[in-house]
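Hello,

Here is the structure I promised to pass on to you. Please have a look at it first, and then read on for what turned up in it.

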Amino acid sequence: MAQMEMQGNGYDIPAIQTSSVGEVTYPPVAASEKRKKGIYPAVITLPGDLLQLSSEFSQMPLSADTTRISARYFVENAVLSGLTPDERERITPLVEGIIRLSGDGKMFNDCSILYLGKNAQERHTPPELFEKELQAVREIMGNPPSNKEHDYSPYGFREITERDRVDEDIIDQYAQLYKAFGWSRDEVINILQNPTNILLGTFVGDQLVSAGMAERAEFAIERGGAPQPFVMYEITEAATREEYRGKGLYTKIASELMKVLAQTDIDLLYGESNAQAPGVLRAARTLGRTTSIETLAQFGFPPRFLEQHVRISGGVNDDRPLSEKNDLLPTYMTRDKLLQYAHEH
């Protein structure tokens with residue numbers, strides 16, 4: 001783990017690569033799709049520090065090559081709940097999400113992860129689309145979890161083994177599955193051969209029909225003058241062959257992954273869910289995750305998404321302009337809830 005060095009009012013540290021989860025580096029650095037992103041390396045314990053950091057964030061320059069900047073900050077809950085109305089109003093335009101870590105049971109039990117984001121003018125979600133997405137989220141999350149029963153007897157669900165990861169037939173099937181999303185075979189190989197990824201596939205016989213994975217990020221955040229370890233897994237890269245969609249396979253894969261993750265040293269399970277994918281949102285609801293919109297409301301902030309964060313292809317029939325991205329909704333579960341879920345299922 002790289003050493004952190006205090007410089008001026010903030011940190012200037014080497015980037016610690018944590019795959020698609022982002023880098024523990026500040027200020028944010030270049031990422032895919034004309035973005036800069038980063039994770040601030042120390043817990044924020046004073047309102048003044050949060051206000052200063054958010055002010056500095058608001059002044060970070062956008063350009064033709066950087067049309068979005070996003071960052072995450074570990075913040076004590078007392079700081080967020082203790083903001084005056086004026087202070088809250090000052091940072092509200094930047095606040096896109098909050099993940100509350102209560103229940104982690106470790107050094108960050110009294111903290112939350114705060115998402116800040118800013119976009120260039122051409123990278124904003126039209127108000128009517130935002131309202132449509134928000135209404136869908138409220139309807140799905142406001143109703144009881146689905147109790148629809150699916151017949152899983154035709155399928156086999158199993159973790160992808162080390163042998164599978166280098167098996168040419170498995171690689172070919174993964175490449176075919178993700179082809180609709182614009183992935184190359186080399187990109188698929190990179191994911192399969194990353195040993196920290198937990199991969200799970202759905203098979204009909206020897207045919208891969210659905211897949212998902214949990215991507216591990218392990219890093220340290222400074223608190224009390226010392227680096228404190230934090231482990232989070234993102235459930236991501238779900239894909240299902242078109243003829244097998246609507247059969248509950250994504251929910252089942254995510255559920256099986258959660259049981260595997262409950263046996264690890266995980267602190268936080270989360271996903272950044274496509275706000276235009278009702279099936280993904282319903283799965284998050286069924287699996288008992290909390291949405292960042294709920295947590296925003298707890299701290300007095302209006303509902304937001306991670307605005308135009310990345311493009312998530314809708315498959316071969318996605319005819320949107322290539323410049324159009326997707327709004328994402330963080331959904332999450334802390335360690336205690338995950339252990340409870342695994343015990344009950």
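In helix α8, the buried residues are Leu 249, Tyr 250, Ile 253, Ala 254, Ser 255, Glu 256, Leu 257, Met 258 and Leu 261. Buried here stands for under 20% relative accessible area, exposed for over 50%, and partly exposed for what lies in between, using a 1.4 Å probe and protein chains only. Helix α8 covers residues 249-261, 13 residues in total, and spans 18 Å from its first C-alpha to its last, close to the 18 Å expected at 1.5 Å a residue. That expected span is 1.5 Å times one less than the number of residues. Helices (H or I, at least four residues) and strands (E, at least two) are DSSP runs, numbered from the N terminus.

Two notes on the source: this is a predicted model, in which local features need pLDDT of at least 70 and side-chain atom pairs count only at pLDDT 80 or more, while totals for chains, interfaces and linings use all residues. Residues are numbered from 1 along each chain as its sequence is written, and side-chain values use heavy atoms, with hydrogens and water left out.

The loop between β11 (226-240) and α8 holds Arg 241, which is partly exposed at a relative accessible area of 27%. Its side chain makes a polar contact of 3.0 Å with that of Glu 243. A polar contact is a pair of N or O atoms within 3.5 Å; within protein, one must be able to donate a hydrogen and the other to accept it, and residues adjacent in sequence count only if both atoms are side-chain atoms. Arg 241 and Val 209 are 32 residues apart along the chain, yet their C-alpha atoms are separated by 5.4 Å. Not counting residues up to four places away in sequence, Arg 241 touches Leu 177, Gln 207, Leu 208 and Val 209, where contact means heavy atoms within 4.5 Å.

Next, Ser 273 sits in strand β12 (residues 268-274). This serine is buried, with a relative accessible area of 5%. The side chains of Ser 273 and Thr 331 are joined by a polar contact of 3.5 Å. Beyond its neighbours within four places in sequence, Ser 273 has contacts that include Val 280, Arg 289 and Asp 327.

Finally, Arg 100 belongs to strand β6 (residues 95-100) and is partly exposed at 29% relative accessibility. Its side chain has a polar contact of 3.3 Å with the side chain of Ser 102.

Best wishes
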